Amino acid sequence: MIQQKLAEKFTILNDRGIGMLTRIYNIKKACGDPKAKPSYLVDKNLESVVKFIVRKFPAIETRNNNVSSDNVSELLNTIDACQVFFDVTVNFDLTKNYLDLVVTYTTLMMLLSRIEERKAIIGLYNYAHEMTHGAREYPRLGQMIVDYENPLKKMMEEFVPHGKSLSDALISLQMVYPRRNLSADQWRNAQLLSLISAPSTMLNPAQSDTMPCEYLSLDCMEKWIVFGFVLCHAVLNTDPAALSLWKLALQSSTCLCLFRDEVFHIHKACEDLFVNIRGYNKRLNDIKECKEQALSQAGTMHRERRKFLRSALKELATVLSDQPGLLGPKALFVFMALSFARDEIIWLLRHADNIQKKSTDDFIDKHVAELIFYMEELRAHIRKYGPVMQRYYVQYLSGFDAVILNELVQNLSVCPEDESIIMSSFVNTMTSLSVKQDMFDFRGMRLDWFRLQAYTSVSKASLGIADHRELGKMMNTIIFHTKMVDSLVEMLVETSDISIFCFYSRAFEKMFQQCLELPSQSRHSISFPLLCTHFMSCTHELCPEERHHIGDRSLSLCNMFLDEMAKQARNLITDICTEQCTLSDQLLPKHCAKTISQAVNKKSKKLTGKKGEPEREKPGVESMRKNRLLVTNLDKLHTALSELCFSINYVPNMVVWEHTFTPREYLTSHLEIRFTKSIVGMTMYNQATQEIAKPSELLTSVRSYMTVLQSIENYVQIDITRVFNNVLLQQTQHLDSHGEPTITSLYTNWYLETLLRQVSNGHIAYFPAMKAFVNLPTENELTFNAEEYSDISEMRSLSELLGPYGMKFLSESLMWHISSQVAELKLGFFILKLFYGRLKPYLCLCLCSVAVDSVLKRMTIIGVILSFRSLAQEALRDVLSFHIPFLVSSVEDFKDHIPRETDMKVAMNVYELSSAAGLPCEIDPALVVALSSQKSENISPEEEYKIACLLMVFVAVSMPTLASNVMSQYSPAIEGHCNNIHCLAKAVNQIAAALFTIHKGSIEDRLKEFLALASSSLLKIGQETDKMTTRNRESVYLLLDMIVQESPFLTMDLLESCFPYVLLRNAYHAVYKQSISSSA
């Protein structure tokens, strides 16, 4: 018997059988897919050749080539000759491997017969091999293909001599299969899988005489029974136990899994096989009855089982998470639970894809994700607390199992030498175990037990295992205990691998979508990405090429599931943000006017109409609940979000085919993208109408959005600050990381192209008293109110939104426009200098007159832009002083204490730092940089300096012309002029400081010269008698005071020396008196 090596042959043949099934499955799928079909089968040039080969197949002389027995047939014959004893409850490994071999062999033949192109493929390969090697090596394979056209019918004939061994092995299942195939009510009454039903026995180890049968796959047993009794069908007529098992299997399912997604329709196949056998009318009637019962009751029965298992696994997972030490004594319960759940999920998947019933309700389970989730939770417990289980069972093996086994061996009446040596080695191995060992490997011991089963199961064995059943049951228990020490991963694959989902992609995705659509199930959606980690376990070394295909599928599905979960969470968060923004909008000041109006009318008892206006609901009324059962839309959104976030937060990461996935990162990425789009969207910028949201309203909405996003940290362990930093910092730049416009670019463009352009057109004026730009009354009313976009609160809101970087970009854009105006001025002076004196006197006078208007207008525009920038800088300073007061005060102190003798480059660096903090500087660094970039190669530095001096002179001598403009009247109420000439003060000072810094001239000296020239020019208009020329003389006089007040380089003493202060005092008196009379 030792020479037969049954254990080794079973192990090798079963493994090779799965490998062959894998290869044949891939060939079938490739031939069935037009895209993957082998090129030689679709090549038009080979079409006639293929048809010829198929027609002549197998095209060999077979009279002297009888099909000899292959390895499987040889092993089956050996088993029959040795009259091997099979009982799944005693020699479990031997019986299981035998039945697996029979089913694998049958499945292989059936799957091969389903490949339509099998003759073409084998024939082409045969001829190619003959042409290459000069000999035919495949005559037997070709004949086998012909013989097994109807594989089950052929195998029924082939298995006639093996009927006794096969039926004995199958009938031994009568103690196992009916016990596993119970209804949910029977499970519930027995309190199956419950750890807390009997608290007093909670710490007792779970025991069974048939330990490995307890977690044996129901699907596997049904395949053994159905295929086995089809092959040895004669026993159905003679043995009631066999018939009972067979009928029970036929009632449980309508189809069986052949391999992966290839199924076998039981009832039709059995009818076709038995219909032509004489005397099988009873069996045919049995089949019809079982089919009816399966169609009417199987779906309901399995649905109820899944319902029971959901609650049972939930209880088991909850108890074990609280008391992981129970994994030691109750490990059997865990693996039973996993096996039961796996069987039900596979049954549902298989039958849902092959429905033979009109009603499909029993095959649509929207709660299947929950069952998978609890399976994954139990698997996680086993992986996490593996060392706990290992320690428990090492002590169990050495302290209990070794003692019991030793007693059993000692009590054996007969024990041959070989068997004695093996048994003694078992006892010694277990006795020598210690928890201090680093590595454990019981594979040799398990293989020895497999061999011993083979030695003791033959009919002439000296030590027959049939007579020593207790020994067999004890050893089966010991083998289970050894697996708890060194093979936990393999046990998880054996009992809970559901990689079959890889081949049901459509059903897999549909289940996932159903899970997401049901809020109560979305917390279990993480089970679908986790299932993708199973996929690689279905690969086989005999078909290495499919690893990449399955690996890629697992990666793509995992990525899709996590992406969809993150999208769903993002959409829920967006909906919550929208609701919160709406609520925040109700608190904006603009909405209080109607409330105040209603209160005033109510107080004065004035009715606005017949019935009066309905009283407006006040903000916050949505939080007043009269009933706990009242559920708002916001409540539903928060509930759905918390459920989904539980799933996203369930595992920090998962490894799929050596790739690590982090679910939280998917959510973070989607939140960043959505937050970016939402911020830009909330600006409500309309390019056609040039409408945009007020900065304060946008800031309110953004803060509401951020408050909601911050609350996400209560659900998921993500760094929401990182999202804020990534998104908000990008919004301070001109473009974001995707090249899309940001709020910085939108607001910069709007203020420059819309608000300031309307200022240049005379529709808006800058009111220094209000520190805001205000609409002027014109014929064509503007679509926006400038004050609502440029007052202190709005500019502060803008600074909050854009931050220092965004405000710097705004300043640079403003300076670019100023530099354009200065460039035009310089060009004008260059032309004026070039042609002056070459033209006739009156033409020179006209040219100068045009130049005066142009210069003053451009300088006013520059002043307006600088005034706007001053507002922006002041707002930025206020915002930064609130957020970082110590840093701002340090920068301010640093700026205020620069020694006068400091090198200008060093001073400019300090000014740049100060300007970035919103602090005003004597010399504007941004303006210096903008004007420095204008240096022309054709004009020498000396010439540039002269043009700069000429500009200041021209402005000074042009100022008297402003007095003739009717709009130049000074208004004390606004502390400025309606035509914005009061902005000239800022323009003169800033432009002079920047230009003479660039050309290294004395700013103070040039400004003194400017003041002297301007004073002299303005004093001359005091002697004018033309009232039209001098009508706003006093208002223009005030410009000198404004220029000195604005300048850090000029003093009132200096002004007094150039322009009598009494004239200024009289001018102020006159304009105030004029404003009082005009208002009266």
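# Helix packing and aromatic pairs

Helix 1 passes helix 5 in a left-handed crossing (the near helix is turned anticlockwise from the far one by less than a right angle; clockwise is right-handed). The model is predicted, so local features need pLDDT of at least 70 and side-chain atom pairs count only at pLDDT 80 or more, while totals for chains, interfaces and linings use all residues. Residues are numbered from 1 along each chain as its sequence is written, and side-chain values use heavy atoms, with hydrogens and water left out.

**Helix 1 and helix 5**

- Helix 1 covers residues 6–32 and helix 5 covers residues 92–113 (helices are DSSP runs of H or I with at least four residues, strands runs of E with at least two, numbered from the N terminus).
- Their axes come within 9 Å and cross at roughly 25° (axes are lines fitted to C-alpha atoms over the stretch in contact, with angles from 0 to 180 degrees between N-to-C directions).
- Helix 1 is therefore roughly parallel to helix 5 (under 35 degrees is roughly parallel, over 145 roughly antiparallel, 65 to 115 roughly perpendicular and the rest oblique).
- The contact residues comprise 13 nonpolar, 5 polar and 2 charged (Ala, Val, Leu, Ile, Met, Phe, Trp, Tyr, Cys and Pro are nonpolar, Asp, Glu, Lys and Arg charged, and the others, Gly among them, polar).

**Helix 19 and helix 22**

- Helix 19 (residues 386–410) packs against helix 22 (residues 469–486) at an angle of about 160°, and their axes are 9 Å apart.
- Helix 19 is therefore roughly antiparallel to helix 22, and the crossing is left-handed.
- Residues that meet include Met-389, Tyr-393 and Leu-397 in helix 19, and Leu-471, Met-474 and Ile-478 in helix 22.
- This contact divides into 15 nonpolar, 3 polar and 2 charged residues.
- Ile-479 also belongs to helix 22 and is buried, at 6% relative accessibility (buried is under 20% relative accessible area, exposed over 50%, partly exposed in between; 1.4 Å probe, protein chains only).
- Leaving out residues up to four places away in sequence, Ile-479 touches Arg-446 and Trp-449.
- The C-alpha atom of Ile-479 is separated by 8.7 Å from that of Phe-442, a residue 37 residues apart from Ile-479 along the chain.

**Helix 29 and helix 30**

- The axes of helix 29 (residues 663–682) and helix 30 (residues 695–711) come within 10 Å and cross at roughly 160°.
- Helix 29 is thus roughly antiparallel to helix 30, with a right-handed crossing.
- Phe-675 and Ile-679 of helix 29 are among the contact residues, as are Val-702 and Tyr-705 of helix 30.
- The contact residues divide into 9 nonpolar, 2 polar and 1 charged.
- Glu-697 lies in helix 30 and is buried, with a relative accessible area of 16%.
- Apart from neighbours within four places in sequence, Glu-697 is in contact with Leu-588 and Lys-590.

**Aromatic rings**

- The whole structure holds 41 aromatic pairs (rings of Phe, Tyr and Trp, its six-membered ring, with centres within 6.5 Å; planes under 30 degrees apart are stacked, over 60 edge-to-face and the rest tilted).
- Tyr-970 and Tyr-1068 form an edge-to-face pair, because their ring centres are 6.5 Å apart and their planes stand at 85°.
- Tyr-970 is in strand 7 (residues 970–971) and Tyr-1068 in helix 44 (residues 1061–1079), so the pair ties together parts that are 98 residues apart in sequence.
- Tyr-970 is buried at 6% relative accessibility, whereas Tyr-1068 is partly exposed at 24%.
- Ring pairs also link a cluster that includes Tyr-747, Trp-750, Phe-773 and Phe-868.

Methods
Contact = heavy atoms within 4.5 Å.
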